[in-house]
Amino acid sequence: MDQPHDAAGPGVQQVMVEINLAVISTEALLKTCHWFSRDFVCEVRNRSDQIAYVVLTPRGSASASDHSSARDAFITSAMDFALREKIDAKTSGIRDILLAKAFSESGVLEDAPEGVFGDTVEETKPDGMFKILSNPQR
Amino acid sequence: MARTFYPLERFAPAPTAFHLLPFRFTRLSGKELLVNEAGEFLFAPTGTVQSLTDEYLDTDSELYRDLKAKHFLYDASSSPLLDVLATKVRTKFDHITGGTKLHIFVVTLRCEHSCDYCQVSRQTATRGQFDMSTATADRAIAMMMDSPARAVTLEFQGGEPLLAFDVIQYIIPKAKKLALEKGKDLDIVVCTNLACVTDDILHYFRDEGVKVSTSLDGPAFLHNKNRPRPGNNSYEKAIEGIERSRTILGVESVAALMTTTAASLDHAVEIVDEYVRRDFHSIFLRPISPYGFAIKTRHRTGYEMGRFLEFYRQGLAHILKVNRNGYRIAEVYTQILLTKILTPHGTRYVDMQSPAGEAWSVLVYNYDGDVYASDESRMLAEMNDRTFRLGNVHKDTRRTLFTGDPALQMFQASCNQALAGCSDCAFQSYCAADPVYHYATQGDMYGNRPTSGFCTRNMDVIKQLFSIIEESDRETMRILWSWVTGEPTIREVVECV
């Protein structure tokens with residue numbers, strides 16, 4: 001799956017990490033590369049629509065154990081960014097509502113936000129708080 | 001006759017479905033640290049985030065109840081509490097309401113010190129053309145009072161502002177009169193090295209309710225090395241000035257700040273002990289600012305952020321030890337961050353705000369009438385870079401200052417919620433953007449977080465604090481809470497009794 005190689009020249013040990021793009025999106029991969037760019041040059045190569053290789057070339061000197069830990073850290077970080085995408089997908093709507101509500105009532109926003117301040121759970125309940133939470137101007 | 005009860009389920013039926021609320025996370029101390037939009041946090045076992053995104057969680061578990069209580073998820077019974085979460089978010093961002101509160105008047109560039117790391121392009125003590133004119137002072141006062149903030153702070157800086165004491169005496173009554181007319185509260189602070197303070201000056205400050213903020217870099221050998229002046233007696237002057245100021249103004253009206261130079265790095269303990277010896281109850285372990293003369297002289301005064309962080313670690317450990325031994329002294333940066341981490345509140349400290357405090361929270365009126373987004377912006381200008389010069393008091397209004405190109409370009413890079421590297425960061429709620437710092441150090445207001453000294457410092461310090469919180473040592477947490485609340489520790493109360 002991944003192995004050190006010395007394509008960058010004698011003495012420069014690179015690490016190649018294979019990424020399944022069905023598990024980790026290109027955006028999550030690039031965010032991981034962004035954070036690793038301090039210590040490594042990160043070169044992303046697409047092998048197919050589903051598989052990408054990331055070649056990590058250390059900017060300074062690094063030992064073999066550094067290579068191993070870099071690989072582990074890169075994969076862990078990429079998986080975490082994939083998780084963050086899932087959280088964002090599930091919560092971006094309510095986050096927008098939350099922030100709009102927080103700042104419209106503080107007088108920071110010049111215009112009242114579009115839509116209502118409610119949520120799907122309350123909407124389904126006939127006696128829920130949805131009506132109270134709704135923007136009375138709408 | 002035995003009393004019987006309905007089963008628990010009759011009162012609180014277990015929820016069958018839950019929904020996620022927005023949060024960010026990181027891995028720390030072998031656990032997952034979850035932080036929500038309001039900065040509330042929870043240490044959870046590894047795998048919790050995956051379980052949340054899969055919506056596969058035991059709704060009877062303590063972890064579920066904790067996640068619900070801390071607003072990481074909601075179900076049918078907690079849905080109305082979204083209003084509470086919105087209120088908490090609003091409270092965290094309270095610093096963006098009300099308008100600019102801190103107004104810095106650079107009344108002169110003159111100074112009799114010649115510090116290597118000085119952030120200001122000082123002039124010799126006799127060159128009066130670098131003093132603020134009365135016409136400029138009038139316009140700056142008017143602009144300060146145009147701020148919608150109900151309470152404003154007028155801070156005199158330099159150079160050494162006491163060398164232009166006549167300008168200070170001109171400004172204070174005018175500012176007070178206008179504040180009264182506009183119904184504003186006015187605090188006044190003078191930032192001075194105290195080398196040329198006199199009893200007459202201090203009596204004037206006492207009568208006008210002016211507070212003093214001075215510099216104390218550590219013991220004599222360090223302070224005098226950092227702050228050369230004729231006679232090599234900056235330390236002796238500062239200590240004498242502190243004592244006289246306390247006598248005339250009162251202990252609470254005198255504060256001190258230190259700057260960490262390369263020479264300071266090996267002396268964290270001695271610096272803290274100096275503050276204790278001088279009976280200060282707070283100390284701010286500040287790194288050197290990468291602006292002004294500090295850029296020119298960085299080969300003498302500069303250092304890598306890693307070395308500062310080691311200094312900070314040593315300093316904080318010693319401060320905690322001093323507190324455990326019964327002397328109360330708070331580390332200010334820790335106090336600021338813990339307030340953000342442990343309470344619903346944000347901070348008035350302009351360097352740690354998002355949107356960034358520059359212009360929103362602070363404006364600097366230079367001696368020549370130029371207005372800058374922050375003290376650091378003015379220092380860049382002294383190095384001939386006027387990127388953050390918002391305008392001039394003689395040509396602009398508050399509206400034009402805030403809608404000009406320099407301000408708008410800066411504002412675009414002012415929210416860490418929208419910056420690469422910050423938008424996903426678990427510590428976003430506790431951290432800041434600081435476009436001026438990143439422009440000065442990286443040539444780019446947006447900045448590159450993986451190589452940013454600002455990010456390195458905050459990430460490291462916040463992780464240290466979370467590690468302490470997770471360890472949950474009772475004595476340590478009692479001390480830290482006392483810094484946040486301003487309340488005495490139980491030990492202090494017992495000793496008073």
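A: Let's begin at Phe105(B), which, setting aside neighbours within four places in sequence, is in contact with Met132(B), Ala140(B), Leu154(B), Glu155(B), Phe156(B), Ile171(B) and Tyr365(B). Contact here means that the C-beta atoms of two residues, placed from the backbone, lie within 7 Å. This is a predicted model, where local features need pLDDT of at least 70 and side-chain atom pairs count only at pLDDT 80 or more, while totals for chains, interfaces and linings use all residues. Residues are numbered from 1 along each chain as its sequence is written, with chains lettered from A and ligands numbered from 1 in the order in which they are written.

Phe105(B) and Tyr365(B) turn up again in the largest nonpolar core, which has 134 residues: along with Leu34(B), Val107(B) and Leu337(B), they touch the most other members. Such a core is a set of buried Ala, Val, Leu, Ile, Met, Phe, Trp, Tyr and Cys residues joined through C-beta atoms within 7 Å. Buried means 20 or more other C-beta atoms within 10 Å of a residue's own, exposed means 12 or fewer, and partly exposed lies in between. With 7 residues, helix α6 (residues 165-182) of chain B gives the most to this core; helices are DSSP runs of H or I with at least four residues, numbered from the N terminus. Domain 1 (20-92) and domain 2 (94-403) of chain B each supply at least three residues to the core, with bounds from an automatic or database domain assignment. Apart from this core lies another, of 12 residues, including Val15(A), Val17(A), Ala28(A) and Phe40(A).

How do the two domains of chain B sit relative to each other? Their C-alpha centres lie 39 Å apart, and the contact takes 6 residues from domain 1 and 6 residues from domain 2. On the domain 1 side, the largest share, 3 residues, comes from helix α4 (residues 82-92) of chain B.

One more helix of chain B is worth a look. α13(B) (residues 305-324) has Phe308(B), Phe311(B), Tyr312(B), Gly315(B), Leu316(B), Ile319(B) and Asn323(B) buried. They lie on the same side of α13(B) because they cover an arc of only 135° around the axis, the arc being that of the directions from the helix axis to the C-beta atoms. The face turned away from that buried side carries the exposed residues Gly306(B) and Lys321(B).

Notes
Helix = DSSP H or I, 4+ residues; strand = E, 2+ residues; numbered from the N terminus.
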